[in-house]
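Take a look at the fold and its ligand.

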Amino acid sequence: MQDQFLENLWKVAQGSWSSGVLPSQESLSRARSSIPTKLPAAGASLESVQQHIVNDIVPAFNGGSLSPNYYGFITGGVTPAALFADNIVSTYDQNVQVHLPNHSIVTDVEYHALGLLADLFNLDRSQWHNGTFTTGATASNILGLACGREFVLQKAAERKGCVMGSVGEHGLFEVLQALDLSGVQVLSTLPHSSVVKAAGILGIGRTNVRNICRADNPLQFDMVALEKELARTDKVSIISVSCGEVNTGRFATSGMEQLSQLRKLCDQYGAWLHADGAFGIFARILDDSPEFATIKKGSEGIELLDSITGDGHKLLNVPYDCGFFFSRHPDLAACVFQNANAAYLTGGATDGPSIPSPLNIGIENSRRFRALPVYASLLCYGRDGYRDMLERQIRLARAIYEWIFDSPAYTALPQTNSKVDLVDQTFMSVLFRAKDDTLNEQLASKINATSRMFVSGSSWDGAPATRIAISNWRVDVNRDAALVTDVLAQVAQL
Ligand SMILES: *Cc1c(COP(=O)(O)O)cnc(C)c1O
């Protein structure tokens, strides 16, 4: 019965994306007017509620995850293995909150899923098998900056010879006052908006996230200015490396040498080194072929960092919501996130690895078993399967960029005279604009109005730009390159 229902739903889903990446205005209005504006006193039958959702609500969804031609945001899709596991998660509704090894296997699975992810990204388990699953990269960035805030203030206390408790215990204000500091700052280059949001949540303040970039390249650190900021005696610093910038898909660093330099500076000044690798960490899956050498270098050396953010619901192609957080400092998260005074929530001992209770190292107490789709998809595809998926995504982005570079109607961004260089630096994101200003103003909406593909409007160098972000497991390079270039030609009336 349940199987039949899911089977039918899947068929509806297939239909909704093959008919366009956006719902029709008619479907949207129908769905909107079908939503009751008041809670009914008496409930309806399960069957009628199912019919309402399938017939009225679902047709007004977009093809975000199901269509291989939805290139807005970075949505990813859902692999069949992940979809299967996610249905199990809802059906059995396990709460992954406390490690209770004699009551359920769920914390073991979550712990090992994190280990499999570390393997996928070539992170040495002896150093990196710490962290947790989160609701997404935003939450992971909150964890990274929170651990960083704790760490840099502990280091400042050591330097000043103070005995100081944690921020988690005493609050940021008291700790800063005791150390005679005016604040914590986050130093980055073109950080994702969620890093700024994390700073707002954590009492660091959004204005204290600062771009310390080179004049000739906004994505790379100005190392002289960076050291000057780290050396300040009135503030403590966290560095957030943009391991994959959201507009261009490019990387803030290009290899081990730069990362070693950053590591050295952070050790010298007691700073924390975090990477926002929401999608960029996936470059570590690539092999050593020359085709992908430049991209692979962008994520090289992040094993030297203190913490890393990654997203599950983007390139890993598991369903919303899922992110992950790696830390090289196993005991630090508990200083911030410990769930105080609840002795009944501590786990029992086992012979296996010591698995911390999730509620003491992350934001939530009760949590979804979001590690199971990750576990299932990793077992199903393995490293080779994920590499193949990523290679198809990169090759599609490159094919589109080459067409745009040669096109009389469009400009590839960031602007360059070298097609070889452009292709070489392309990960899974294509940024461009129309040469004609009037067309450029409406470019994203004109493309989306075709309903054959969906793109995000963005801005670059102070003018509108359009971004095609490729993240779906269903990518077929030839089929999709033909569709995208056909739509771009049609919109520019080529
Ligand atoms: C998407 C993204 C985020 C935010 O991730 P969510 O999963 O939406 O919370 C953070 N950083 C980067 C680089 C991203 O691409």
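What follows goes from the sheet to the ligand.

This is a predicted model, in which local features need pLDDT of at least 70, side-chain atom pairs count only at pLDDT 80 or more, and totals for chains, interfaces and linings use all residues. Residues are numbered from 1 along each chain as its sequence is written, and side-chain values use heavy atoms, with hydrogens and water left out.

An open sheet of seven strands runs in the order 1-9-8-7-6-2-3, with mixed pairing. Strands are DSSP runs (E, at least two residues), as helices are (H or I, at least four), numbered from the N terminus. Two strands pair if DSSP finds at least two bridges between them. Strand 1 (131-134) and strand 3 (209-211) are the edges; each has a single partner strand, so one side of each lacks a neighbour in the sheet. The twist averages 20° from one strand to the next.

Strand 7 (residues 272-276) pairs with strand 8 (residues 307-311) in the parallel sense, over three bridges. There, D276 stands opposite T309 in strand 8.

An N or O atom in the D276 side chain is 2.7 Å from a ligand nitrogen atom. The T138 side chain places an N or O atom 2.6 Å from a ligand oxygen. A polar backbone atom of A137 is 3.1 Å from an oxygen atom of the ligand. Such polar contacts are pairs of N or O atoms within 3.5 Å.

Helix 7 (residues 137-160) gives the largest share of the shell around the ligand, three residues.

Definitions and conventions: A polar contact is a pair of N or O atoms within 3.5 Å; within protein, one must be able to donate a hydrogen and the other to accept it, and residues adjacent in sequence count only if both atoms are side-chain atoms. Axes are lines fitted to C-alpha atoms, for helices over the stretch in contact, and angles run from 0 to 180 degrees between N-to-C directions.
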